[in-house]
Amino acid sequence: MKASERSASSDATSTVAIGGAFEDRLVRALQPIRRFVLAIAIYQLFDSGLFKDLAQSRPVSTHELARRRGLDYERLDALLRYLRNEGIVLQLEGGFALAPLGEAFAEAEPWYTMLVGGYAESFLQIGRALRSDADAATRNGAKVGVGSCGISHYDAIPLTRELMNGIPGGCRSILDLGCGNALYLSELCGEIPSLEAWGVEPDEGGYQAAIELVKERGLEGRIRLARSTAAEFLQRDLVGAPDAVVLGFVLHEILGQEGEHGVELALARIVDRFPAIHLIVIEVDWRVDDLPEMQSGLALAYYNPYFLFHPFTRQRLQRADYWERKFRDCGLEIVDKRFVDPAVDSTGLEVGYLLSKASAVQ
Ligand SMILES: C[S@@+](CC[C@H](N)C(=O)[O-])C[C@H]1O[C@@H](n2cnc3c(N)ncnc32)[C@H](O)[C@@H]1O
């Protein structure tokens with residue numbers, strides 16, 4: 001199906017038709033505000049744990065929810081009535097429960113965690129950060145790491161797994177630079193019983209979330225974690241050489257923070273330290289000007305806001321051909337290139353590479 005045929009018919013602005021009575025025009029023009037508040041309210045349902053409480057088979061009273069979670073009754077009541085009016089929860093005899101519309105949001109939780117929990121504060125700083133003398137906008141690094149890994153569960157982790165299959169001799173040990181909450185390593189160690197792993201995460205909140213997840217899954221003996229940037233970590237002593245290094249959506253962070261030189265240095269350090277290494281790099285192809293593709297449902301719902309926050313938060317996305325040139329310039333060879341399963345993401349914007357040190361004779 002062509003991207004243009006997948007266009008999002010219900011996007012926030014398509015309903016703003018010209019003309020009509022004042023109130024009709026006003027209602028249409030206010031739809032983005034309605035959606036803005038709704039997105040925040042749904043995120044808060046997830047983040048507070050209320051979503052799980054309301055997903056149970058029996059309705060729960062506001063008193064019980066407030067008691068269980070230590071919440072203010074009046075404010076919770078306002079949130080639940082607001083969500084009832086939006087069709088997200090149902091008010092039944094015994095209390096509140098998720099409505100079928102609310103249940104349908106369950107698998108989208110990580111997108112809310114990253115885009116609202118991680119970047120809502122950045123979006124609100126766009127005005128200030130637009131000024132030529134302004135600092136970058138802030139973000140919530142822990143929510144970014146946890147949300148990104150949660151999204152990766154659906155797209156980039158299966159892609160990483162496919163790319164790992166191309167490593168000659170298999171993959172017994174792996175180093176994940178910018179590992180967020182270590183979900184990649186936890187899932188891969190769950191699937192591959194002999195796998196040994198290291199995870200490196202500079203954000204304090206992301207690092208703490210990684211410690212918690214590894215403990216929760218009983219993987220402390222197999223996943224070692226460090227709080228560090230990729231550059232700092234690559235200067236440390238590591239016992240043994242991993243078979244693979246994963247950089248999932250991290251090179252564009254390094255590019256924004258340290259420039260081209262930082263990316264080149266990080267790639268050079270990896271291959272200098274581990275000459276037999278395979279690198280798995282996942283990036284988003286910055287096809288922001290591909291207008292037919294950018295009109296598709298997932299591109300408008302996810303990639304368009306995703307493309308927006310990067311320059312405001314010291315991250316620099318690039319086109320896939322930029323990364324391919326950069327890999328070659330850094331003496332790396334592309335062993336495999338793959339995209340996310342189109343049943344999950346049909347945009348083809350997320351791309352994964354398996355790289356190794358280029359052989360001397362080309
Ligand atoms: C978009 S998240 C990706 C998380 C995970 N790798 C994934 O694929 O879902 C980027 C992660 O890189 C981390 N990060 C940022 N700068 C970094 C750096 N210089 N070195 C290593 N990691 C970095 C962030 O804290 C964040 O957890």
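Lys 326 lies in helix α18, which spans residues 320–329; helices here are DSSP runs of H or I with at least four residues, strands are runs of E with at least two, and both are numbered from the N terminus. The model is predicted, so that local features need a pLDDT of at least 70 and side-chain atom pairs count only at pLDDT 80 or more, while totals for chains, interfaces and linings use all residues. Residues are numbered from 1 along each chain as its sequence is written, and side-chain values use heavy atoms, with hydrogens and water left out.

Lys 326 is buried, with a relative accessible area of 6%, where buried means under 20% relative accessible area, exposed over 50%, and partly exposed in between, using a 1.4 Å probe and protein chains only. The side chain of Lys 326 is joined to that of Glu 260 by a polar contact of 2.4 Å. A polar contact is a pair of N or O atoms within 3.5 Å; within protein, one must be able to donate a hydrogen and the other to accept it, and residues adjacent in sequence count only if both atoms are side-chain atoms.

**The ligand and its shell**

The ligand is surrounded by 18 residues, and the closest are Ser 148, Gly 178, Tyr 184, Glu 201 and Gln 257; a residue is near a molecule if one of its heavy atoms lies within 4 Å of it. Of this shell, seven residues are nonpolar, eight polar and three charged, with Ala, Val, Leu, Ile, Met, Phe, Trp, Tyr, Cys and Pro counted as nonpolar, Asp, Glu, Lys and Arg as charged, and the others, Gly among them, as polar. Helices α10 (141–154) and α15 (251–273) each supply at least two residues of the shell, and α10 gives the largest share, four residues.

| Residue | Protein atom | Distance to a ligand oxygen |
|---|---|---|
| Cys 149 | polar backbone atom | 3.4 Å |
| Tyr 184 | polar side-chain atom | 2.6 Å |
| Glu 201 | polar side-chain atom | 2.6 Å |

The protein covers 96% of the 590 Å² of accessible area that the ligand has on its own, as computed by the Shrake-Rupley method with a 1.4 Å probe.

**Two residues with positive phi**

Phe 249, in the loop between β6 (244–248) and α15, has a phi near 60°, a positive value in a residue other than glycine. Arg 314, in the loop between α17 (297–312) and α18, likewise has a positive phi of about 60° although it is not a glycine.

Ser 122 belongs to helix α8 (residues 120–124) and counts as buried at 1% relative accessibility. A polar atom of the Ser 122 side chain lies 2.7 Å from the backbone oxygen of Thr 138. Leu 355, placed in strand β9 (residues 350–357), is buried with a relative accessible area of 0%. From C-alpha to C-alpha, Leu 355 and Cys 179 are 19 Å apart in space, and they are 176 residues apart in sequence.
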